[in-house]
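Subject: Structure for your review

Dear colleague,

My notes on what was found in it follow.

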Amino acid sequence: MDDDHAENGHCGGGEGRGCNGPAPKRARPSPAAISGAEIAAEFSHHDPSVARLNNGSFGSCPGSVLAAQARWQRLYLAQPDEFYFNRLQPGLLRSRAAVREVIGAEEVGEVSLVDNATTAAAIVLQHVAWSFTEGAFRKGDAVVMLHYAYGAVKKSIQAYVARAGAEVIEVPLPFPVSSDADIVREFRGALDRGKAGGRRVRLAVIDHITSMPSVVIPVKELTRICREEGVDQVFVDAAHAIGNVPVDVEDIGADFYTSNLHKWFFCPPAVAFLHTRKGADSSNLHHPVVSHEYGNGLPMESGWIGTRDYSPQLVVPEVIDFVNRFQGGIQGIQKRNHEKVVEMGKMLAEAWGTCLGSPPEMCGSMIMVGLPGCLAIISDKDAMRFRTHLREEFRVEVPIYYNSRKDGETAAKDENSAVTAYARISHQVYNVEEEYHRLRDAIKKLVQDGFNCAMLPPVKKVM
Ligand SMILES: Cc1ncc(COP(=O)(O)O)c(C=O)c1O
């Protein structure tokens, strides 16, 4: 290794060369469940005035994990050279090994830690773009993605693969949705369009849980269909999945699978994993920030992208300790969150005379609840203004989805009018029923007062 490495205190040279630490010791799920008071203490840094029904956007991190993160940060600041020479790489390996176990990957070498799902998408899409620019894929070959793919990922598809010559095909999805079969049918139709005229479908980008509207997608089945239909590569954007729904990457069988650890898995912001299936074409997979480890494999490249704060990536074992204080560990948390969010969703829909956006089995720990049509949310801007209104006037944080309709599509109905918008509620371990009651009562009051969105001021632009 060259002198630059030594200067930066970075060991370099790939895995297994003296930098690797031991696999983390895992606490087993505790038989005595964590108490309500202990949970409240773990999240006592949350603003108590806010009913936080939006774990989905930014996640949450308990105090014990924040304390572990602070210990790593102090270790670094106490003796940076020692940290970079001797602590960082073994620490990252401990975290990757812990992720490997949770997601059922075969080997730790298949798991990289990156900042977030956006970065993971850039890694995969850049890789596909090179196949177009270097001639392995023909211009005009197709890339298939869901219409409800996350906005930032759609832009990344434009910036990397469309620009390199791919034809992008969107899978339209019905919403409200009633069954996996509706999704499978639309997906097959999009693959047929992608293959029209002898074209190849080079990549399918499939969300595990779409963001807005939030629906759990049958990723295993869609991945299987991709294999049958000769799609070259499958990338699952599962930003919301780990900690929200069961994840078994071997079983799903995609080439690339990413999930944020800071959304539903209690890590501090920001860290995600990117799993690369053994045998997938990953030789040309690189971190977009090129540094000393370029060419030593994505896990190593991602473990050294310059001087920065790596502490969010180092605390995965402490997160495992935290989740194992709950009955059933992370599976128990998922199960209870799912049951509770469905119960709260049904309670709200009944109180407002509306409906859920999907059956409970198509939800994890988030659910879409129809809002009364008389609120007149008739654009994306209205949805944003209404969300701001709920935050400022009622101290409720909840994302609002405007359900725009294409010709011929019919909206769900409430007691009097069409449902034009949905609230996406989350349930995480810190939530309590009163927070959902506050949302229920806020909407009921607005309806009783004859409120509608046209009464709201325009969204303020913050520069
Ligand atoms: C489906 C999906 N993909 C990607 C992202 C991006 O995640 P991040 O902002 O952490 O990169 C999100 C964020 O909510 C998402 O919901």
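A residue is called buried here if 20 or more other C-beta atoms lie within 10 Å of its own, and exposed if 12 or fewer do, with partly exposed in between. On that definition, buried residues account for 49% of the 463 residues in the protein. Please keep in mind that this is a predicted model.

Overall architecture

The protein contains 16 helices and twelve strands. Its radius of gyration is 23 Å, close to the 23 Å that the globule rule gives for 463 residues, so the protein is as compact as a globular protein of that length. The C-alpha trace spans about 70 × 60 × 45 Å along its principal axes. Of the contacts between residues at least 6 apart in sequence, 70% join residues at least 24 apart.

An unreviewed UniProt entry places the feature "domain: Aminotransferase class V" at residues 95-281. Over residues 95-281 the chain is 36% helix and 19% strand, and the end C-alpha atoms are 24 Å apart.

The ligand shell

Which residues are around the ligand? They are Asn116, Ala117, Thr118, Tyr150, Ala152, Val153, Asp207, Ser211, Asp237, Ala239, His240 and Asn260. By class, the shell has five nonpolar, five polar and two charged residues. Two helices, α6 (117-133) and α7 (151-162), each supply at least two residues of this shell.

Two helices with a buried face

In α7, the residues Val153, Ser156, Ile157, Tyr160 and Val161 are buried. Viewed down the axis of α7, these buried residues fall within an arc of 105 degrees, so they line one face of the helix. The cover over them includes α6 and the strands β3 (142-146), β4 (167-171), β5 (201-207) and β6 (233-237).

Helix α9 (residues 219-228) has Val219, Leu222, Thr223 and Cys226 as its buried residues. Down the axis of α9 they fall within an arc of 100 degrees, so they too line one face of the helix. On the other side of α9, Arg227 and Glu228 are exposed. The buried residues of α9 are covered by elements including α8 (180-195), β5, β6 and α10 (249-252). After α9 comes Gly230, with a positive phi near 75 degrees.

Leu439 is found in helix α16 (residues 433-448). Leu439 counts as buried because it has 23 C-beta neighbours inside 10 Å. Setting aside neighbours within four places in sequence, Leu439 is in contact with Ala51, Leu53, Leu348, Val396 and Val398. Leu439 and Phe394 are 45 residues apart in sequence, and their C-alpha atoms are 7.9 Å apart in space.

Backbone points to inspect

Two cis peptide bonds deserve mention. One runs from Met212 to Pro213, with omega near -5 degrees, and Pro213 lies in the loop between β5 and α9. The other joins Pro269 and Ala270, with omega about 0 degrees; Ala270 is in the loop between β7 (256-260) and β8 (272-276).

Ala376 is not a glycine, yet has a positive phi of about 55 degrees. Ala376 sits in the loop between β9 (366-370) and α15 (380-394) and is partly exposed, with 17 other C-beta atoms within 10 Å. Arg395, also not a glycine, has a positive phi of about 55 degrees. Arg395 is placed in the loop between α15 and β10 (396-397), and its 16 C-beta neighbours inside 10 Å make it partly exposed.

With kind regards

Terms used
Residues numbered from 1 in each chain as written. Predicted model: local features only at pLDDT ≥ 70, side-chain atom pairs only at ≥ 80, totals over all residues. UniProt positions renumbered as here; feature names shortened; annotations may be inferred. Helix = DSSP H or I, 4+ residues; strand = E, 2+ residues; numbered from the N terminus. Near = placed C-beta within 6 Å. Nonpolar A, V, L, I, M, F, W, Y, C, P; charged D, E, K, R; others polar. Rg over C-alpha atoms; globule rule 2.2 N^0.38 Å. Contact = placed C-beta atoms within 7 Å. Arc of directions from axis to C-beta.
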